[in-house]
Amino acid sequence: MNYRHAYHAGNFADVLKHTVLFALIEALQAKATPFAFIDTHAGSGCYALDSAEAGKTGEYKDGIARLLFPDLHAAGGSGPLPPLLRRWLDAILRVPGNEHGLKLYPGSPLQVANAIRETDSAQLCELHPEEATRLRELFRHDHRVHVHERNGYEALKALLPPREKRGLVLIDPPYEAQEAEYRVIERALKLALQRWPTGVYAVWYPIKLRSQVQPFHRWLQHCGVRRVLRAELLVHPDDSPLRLNGSGMVILNAPWKLDDALRDALRAMAPLLSQERRAEWRLDWLVEEARA
Ligand SMILES: C[S@@+](CC[C@H](N)C(=O)[O-])C[C@H]1O[C@@H](n2cnc3c(N)ncnc32)[C@H](O)[C@@H]1O
C-alpha cells in the first residue's frame, strides 16, 4: 500500500484511461435509464498539480498538459482535437479550481461524479485510510456517491449486481503485486461475471514487458464474455520491465460503437504524447461477437 496516485495524476496513462472512461460514461448516458458506476480502486478523487507529489515527478506535463497545449509540443498543433477529446478536456477544465487554467486533475471518481445524472449512482472503494478520508470529504454533500473504505475486489461481492441493473465497473489497481495482480483481477472478474454477466467492466493495465500482459489477454479470450475491446497506447517499446512503456484498457461487454467513438481520440493523442519516438496505439477486439 505504498502507491499514491498523486505522483502520477494526469500522466499519459491517465489520459488514455480517463478518455476511455469518459467515452464509456457517454455511451451509458445514451439511454435514459439510470446506471451505476463502481470504482474498485478509487484513489483520493482529485489531485493538486502544484502539490509536492505532482511536482516531484511532473508526469502530468507529458500527459494532459500536452493535450491542452499542443502547440508547445513538437509533434502537436496539427489541427483541432477530435470531439471526444475536446469534450473530455472541457470537462477537466470545468472542475472548480480550474477556471484559470489546469490546477487540479480530477481522478476517476470526480470525473464520473461530474458527468453522471441525478438518478445515476457511484460506489467508490478505496483501501488506503488517508485516500479514503479525502474521498469521503470530497463527496460528503453528494447523495449519489457512496464511499467504501475497503478492498475493492472483495466489495464487488456486495455491490454486484447493482440496483440499477446496468452500469460500469472500473478496475484500476496500482499493480504493486506486479504480474500476480492479473491473477487477482481474473479471480475478481470471474466472480463478478457470475453475479452480473451483463455489466460493463473496464480494466486498466500497465505495459512494461509485453509478455507480462499476454496471459491476461488470453484469459479474457476464454472468460466467456463475447465482446472485449482493447485500447493501448505505447510511448516506448514494450521491452523493458523497469519502466512504464505504455498502458492499456480492456473493456468487457463494451457498448456498441465504443471502438468508433475512441478511434479518432487515440489517433490524435498518440503524436501528442510521443516521447523519444512516435507513440503507437492499438484499438482492437480481443473477442468480438458478430451482431445478429
Ligand atoms: C491507480 S490508483 C486509482 C486511481 C483512480 N482510479 C483514478 O483513475 O483516478 C489505485 C488506488 O487503489 C488503492 N488500492 C490499492 N489496493 C486496493 C484494494 N485492494 N482495494 C481498494 N483500493 C486499493 C490505492 O490506495 C490507490 O489509491
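This is a predicted model: local features need pLDDT of at least 70, side-chain atom pairs count only at pLDDT 80 or more; totals for chains, interfaces and linings use all residues.
Local features need pLDDT of at least 70 and side-chain atom pairs count only at pLDDT 80 or more, while totals for chains, interfaces and linings use all residues. Residues are numbered from 1 along each chain as its sequence is written, and side-chain values use heavy atoms, leaving out hydrogens and water.

**View 1. The open sheet has eight strands with mixed pairing.** Follow the order β5-β4-β1-β6-β7-β9-β8-β10 across the sheet; strands (E, at least two residues) and helices (H or I, at least four) are DSSP runs, numbered from the N terminus. At the edges stand β5 (145-148) and β10 (280-288), each with a single partner strand, so one side of each is left without a neighbour in the sheet. From one strand to the next, the twist averages 15°. Two strands pair if DSSP finds at least two bridges between them.

**View 2. Strand β8 (residues 227-234) pairs with β10 in the antiparallel sense.** Eight bridges join β8 and β10; look for A231 with its partner L283 and V228 with V287. With β9, β8 pairs over seven bridges, also in the antiparallel sense, and R230 has V250 as its bridge partner there. Eight of the eight residues of β8 are buried, meaning under 20% relative accessible area with a 1.4 Å probe, protein chains only. R227, L229, A231 and L233 point one way from the strand, and V228, R230, E232 and L234 point the other way.

**View 3. Helices α8 (residues 180-195) and α9 (residues 210-221) come within 10 Å of each other and cross at roughly 15°.** The axes are lines fitted to C-alpha atoms, for helices over the stretch in contact, and angles run from 0 to 180 degrees between N-to-C directions. The two helices are therefore roughly parallel, a term for angles under 35 degrees. Contact (heavy atoms within 4.5 Å) involves Y182, R183, I185, E186, L189 and K190 of α8 and Q212, V213, P215, F216, W219 and L220 of α9. Helix α8 also packs on the sheet, touching β6 (167-171), β7 (200-207) and β9 (246-252), and its direction makes about 175° with that of β7.

**View 4. L258 lies in helix α10 (residues 258-273).** Here L258 is buried, with a relative accessible area of 2%. Leaving aside residues up to four places away in sequence, L258 touches A23, L24, L229 and I251.

Definitions and conventions. Angles under 35 degrees count as roughly parallel, over 145 as roughly antiparallel, 65 to 115 as roughly perpendicular and the rest as oblique. Buried means under 20% relative accessible area, exposed over 50%, partly exposed in between (1.4 Å probe, protein chains only).
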